[in-house]
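Subject: Structure handover

Hello,

Here is the structure for your files.

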There are 2 protein chains.
Amino acid sequence: MGADHPPHRLAEGVEKAVHAAPDAAFTLFLSPEASPSVQEIVAKFLWEGKRVELSLWPEVIQQQDEPLGALRKKRKSSLVQGIRALKRRRVDAFISCGNTGALFISSSLYLPRLSGIRRPALLAHVPTQHGQLAVLDVGSSLQCKAAHLIGYAELGASFKRIQGLPRPKVGLLNVGIESRKGTLEHQHTYDKLKALAAQMGLFDFVGNVEGRAIFQNPLDVLVTDGFTGNVFLKTLEGAGQFILEQFAKLLEPSKLDDVKSLLSHREYPGAILLGVEGLVMKCHGDAAPHTLFQGIIKVIDYVKQGIIPKLRSERAEYLSSAADVAQGGEQGPV
Amino acid sequence: MGADHPPHRLAEGVEKAVHAAPDAAFTLFLSPEASPSVQEIVAKFLWEGKRVELSLWPEVIQQQDEPLGALRKKRKSSLVQGIRALKRRRVDAFISCGNTGALFISSSLYLPRLSGIRRPALLAHVPTQHGQLAVLDVGSSLQCKAAHLIGYAELGASFKRIQGLPRPKVGLLNVGIESRKGTLEHQHTYDKLKALAAQMGLFDFVGNVEGRAIFQNPLDVLVTDGFTGNVFLKTLEGAGQFILEQFAKLLEPSKLDDVKSLLSHREYPGAILLGVEGLVMKCHGDAAPHTLFQGIIKVIDYVKQGIIPKLRSERAEYLSSAADVAQGGEQGPV
């Protein structure tokens, strides 16, 4: 609900995911009063029996709603109730193409946070020559202090560590590579990440990174405030689309498909929210059914990997290392 | 001086420009003590006679220098003296691949500002389906209030008007298209630009623009804070390079050249500084000789067009329209 595409269009993506993931169960949080097309969805999924459950609510938080006000007034919305179902463990993960702010705030309010995390972050992946680059935050918090950016680095590094990278390479998105580039907050973040990486050895800090270098240099995690991260991500998508169109004039359409699927945002799963104890995915507001399908398949994979419990134990290890470093710090070198 | 490439490498770009622009005269601001290769440049340009003048100074502002401190300590640097030569009208334009902050602050300090402009801005062009999109600010001011963003919109619109677009389309780079997206500063900027566009009719305000839509929608001016604008620009360059590399695997090299020159930042002239009465161009710190050549040719074109006096009169017209609107505002509609 509350996405750019109407629910019955997005339901095509759900239907595809139901077929592709026979070992998963689905709950659709819907508001029949808000959209007549929800009736079509009910009809479509009746045949699925117990694998697809419908959870019906009277309210919808819309894209243009002011998030905090909407959460206060619309507790019986599909978005809030989806997050509450996640909190009560009735579902293992929650996916939304709706209002980012409302999703972020309700997740932060209702779900427990990973220990020591002040502010959760939305993480998205960007394909580079060296694999999948995790970028966070991509739009949940528009303005960030150094403490938040440092938290994002820790979260992103934890995320990559539980995916099998023992020492992820972390960079800070900035306007130049020198240590004094960016705002004071960036400079503090730089210093602190450099010290943390050296003290704890759980990630490498490669320093400041420019948008140009992201695709060439080996990098696993890119740290940024949500405003810049959101612009960064959408600019990549827009540039990819534009360049494809230029090339489409030169090439036969048949050869384009592989590159298109690499570059088009419709093929990316959404951004996942890191820092809360619950698996929340945010898809684009204009997500097409196929994008939603990709997101669902990805989130099922995350559930199977157990990324939330893994993140929790990774975080505990991290904090215990940090405590060791802090205790040892009185004798040891800075 | 103070660029990523040594002076004698960049001199190749200058040499090419000297040949390509037989009606232009050049002054090179150099610091022989800072780089032995400056001797090579002196030798190289001796044959040019009076068309290439060398202006030699003992100090260099480096990329990593803190701008304000560097300006105080290094008044006899090539950068400061170049700007002062511009102020004294010994040159018509000044191009630098050096420290952006020092260039911006010395331009703001030494050059008169266009009337009513609180903060100059660096403008760069990005090619889209609809032509050349002017983006400002791309890195001179990392944090911006609404008043600065509004000033950027006015400057960008003036720039496009003097290039023959009577009613440029201006957009605000944001994380969504709804009017309440972004920070409070973005929201104030949105409201004010909407009102200004309606009252004065000198530009159209198309509202908030996402990175994805920039290449598809007709847009002439994109307004952003310098941090986001810088990341935006460099991300486009990085993405273009990356996608080209993917395609290079499919295509013969011979067919790639046209698309490469469209997309590679080495083909873009640098960013020009708007808001001061002097033509200042900032090229990338890692500008190759060919980029510098492109920048020189572009800036000569701007000098010939007389963009600084044109901007001044455009600005005067703009302010007089604004005064009319303010006077008429008591009777007229809001």
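A disulfide is counted here when two cysteine sulfur atoms lie within 2.5 Å of each other. The model is a predicted one, in which local features need pLDDT of at least 70, side-chain atom pairs count only at pLDDT 80 or more, and totals for chains, interfaces and linings use all residues. Residues are numbered from 1 along each chain as its sequence is written, chains are lettered from A and ligands numbered from 1 in the order in which they are written, and side-chain values use heavy atoms, with hydrogens and water left out.

Cysteines

Over all chains, the count of disulfides is 0. For Cys144(B), the closest cysteine sulfur is that of Cys144(A), and because the two are 17 Å apart, they are too far from each other for a bond. Cys144(B) has 15% relative accessibility and therefore counts as buried (under 20% relative accessible area; exposed is over 50% and partly exposed in between, with a 1.4 Å probe and protein chains only). Cys97(A) is also buried, at 7%.

Symmetry

Chain B superposes on chain A by a rotation of 180° with 0.0 Å of shift along the axis, at an RMSD of 0.0 Å. The two copies are thus related as by a two-fold rotation axis.

Interface

Contact (heavy atoms within 4.5 Å) involves 50 residues of chain B and 50 residues of chain A. The copies meet through the same surface, because 100% of the interface residues of chain B are also interface residues in chain A.

The buried area, meaning the accessible area (1.4 Å probe) lost when the two parts are put together and summed over both, is about 4,200 Å², with 74% of it on carbon and sulfur atoms. Arg212(B), Phe227(B) and Phe242(B) supply 17% of what chain B buries against chain A, more than any other three residues.

There are 4 salt bridges between chain B and chain A, each a side-chain nitrogen of Lys or Arg within 4 Å of a carboxyl oxygen of Asp or Glu. One of them joins Glu237(B) to Arg212(A), at 3.3 Å from N to O.

Regards

Notes. Least-squares fit on C-alpha atoms with pLDDT ≥ 70 in both.
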